Amino acid sequence: MNVETIKDRARQYWLLCRFDKPIGILILLWPALWALWVASEGKPDPLVLTVICAGVVLMRSAGCVINDYADRDFDPHVERTRQRPIAAGKVAPKEALILFVVLCLLAFGLVLLLNLKTILLSFVAAFLAASYPFMKRFTHLPQAYLGIAFGFAVPMAFAAQTGEVPLVAWVMYLAVMLWALVYDTMYAMVDKDDDLKIGVKSTAILFADKEREIMAVLQLIILALLVWVGQMAGLGFFYYSSLLGVAGLFIYQQKLIFHRKKADCFKAFLNSNWVGLVIFIGLVLDYGWAA
């Protein structure tokens with residue numbers, strides 16, 4: 001195998017893992033960081049922080065690989081995905097499965113550095129990540145299942161930092177689940193026409209012409225849950241100020257999706273990264289000020 005061939009395989013694997021599109025890593029990472037900061041009262045253990053962050057990157061990449069493997073017969077028929085490595089025939093399905101296993105093993109190797117409870121929870125997280133891509137065949141709620149999978153970083157972070165998963169962790173987990181349901185529905189609105197043609201299910205299809213109203217209600221619930229988190233964690237001015245910022249971002253997202261234009265729906269999805277960042281900044285400032 002010559003150097004050019006090796007470079008090409010590396011590039012295709014890089015694209016398959018979506019390292020060229022880090023938005024997925026970020027929106028998965030922010031809730032994990034929220035959880036770590038609350039669990040540690042602003043002073044996360046360096047090893048736990050490192051393992052959780054690296055684990056998020058590896059498992060998000062593994063999720064992208066298994067998603068493209070599962071969708072290999074659908075992606076060639078969808079405008080946004082037909083150039084993905086498997087759909088374009090540049091990576092064989094067998095290669096993708098091997099890469100998925102390697103990524104999962106690397107992530108599990110990192111988790112072994114943490115406590116037993118976190119190790120046990122990692123099996124649930126791996127199952128959720130591996131099974132999510134197949135949900136769109138059986139239910140109109142794959143976006144809800146994505147929320148369950150993505151949000152699982154929250155109880156894992158609490159378990160890794162404290163050895164426990166208290167009520168505040170589960171309330172935060174629910175908020176993250178609903179948040180993922182909202183932003184992934186915005187994402188699904190981009191593919192709605194193609195999904196209807198090929199028979200793929202999604203909340204964008206299930207909610208029909210009421211998707212904006214349903215997401216608005218969910219966004220209000222998310223804010224209420226995050227206020228509850230703040231009350232249980234004894235958070236203060238900076239955290240609640242960040243929630244006001246999030247409310248503004250939610251209003252902006254509603255404005256973007258109002259006419260259901262694909263480009264604007266995708267922009268609303270990308271805007272979710274700022275929601276995660278604003279809350280994290282609020283937590284860092286709140287705990288930093290208290291210290």
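**Close-up views of a predicted helical model**

A search of the whole structure finds 15 aromatic pairs, where rings of Phe, Tyr and Trp (its six-membered ring) pair if their centres lie within 6.5 Å, and planes under 30 degrees apart count as stacked, over 60 as edge-to-face and the rest as tilted. The structure is a predicted model, in which local features need pLDDT of at least 70 and side-chain atom pairs count only at pLDDT 80 or more, while totals for chains, interfaces and linings use all residues. Residues are numbered from 1 along each chain as its sequence is written, and side-chain values use heavy atoms, with hydrogens and water left out.

**View A. The aromatic pair of Tyr-187 and Phe-269.** A pair of aromatic rings is described by the distance of the centres and the angle of the planes. The rings of Tyr-187 and Phe-269 are tilted, at 4.6 Å centre to centre and 50° between the planes. This pair links distant parts of the chain, with Tyr-187 in helix H8 and Phe-269 in helix H13 (residues 262–290), 82 residues apart; helices (H or I, at least four residues) are DSSP runs, numbered from the N terminus. Phe-269 has a relative accessible area of 6% and is therefore buried, a term that means under 20% relative accessible area (1.4 Å probe, protein chains only).

**View B. Helix H7 and its surroundings.** Of the 10 residues of helix H7 (residues 153–162), 8 are buried, so the helix is largely enclosed by the rest of the structure. Among the buried residues are Val-154, Met-156 and Phe-158. The buried residues of H7 pack against helix H2 (23–40), helix H3 (46–70), helix H5 (116–131), helix H6 (142–151) and helix H8 (167–190), contact meaning heavy atoms within 4.5 Å. Just after H7, Gly-163 takes a positive phi of about 80°.

**View C. Thr-203 in helix H10.** Helix H10 comprises residues 203–206. Thr-203 counts as buried because its relative accessibility is 0%. Not counting residues up to four places away in sequence, Thr-203 touches His-140, Leu-141, Gln-143, Leu-181 and Thr-185.

**View D. Leu-235 between helices H11 and H12.** Leu-235 lies in the loop that joins helix H11 (211–233) and helix H12 (237–257). With a relative accessible area of 9%, Leu-235 is buried. Its contacts, not counting residues up to four places away in sequence, are Gly-230, Tyr-240, Leu-283, Asp-286 and Tyr-287.

Terms used:
Buried means under 20% relative accessible area, exposed over 50%, partly exposed in between (1.4 Å probe, protein chains only). Helices (H or I, at least four residues) and strands (E, at least two) are DSSP runs, numbered from the N terminus.
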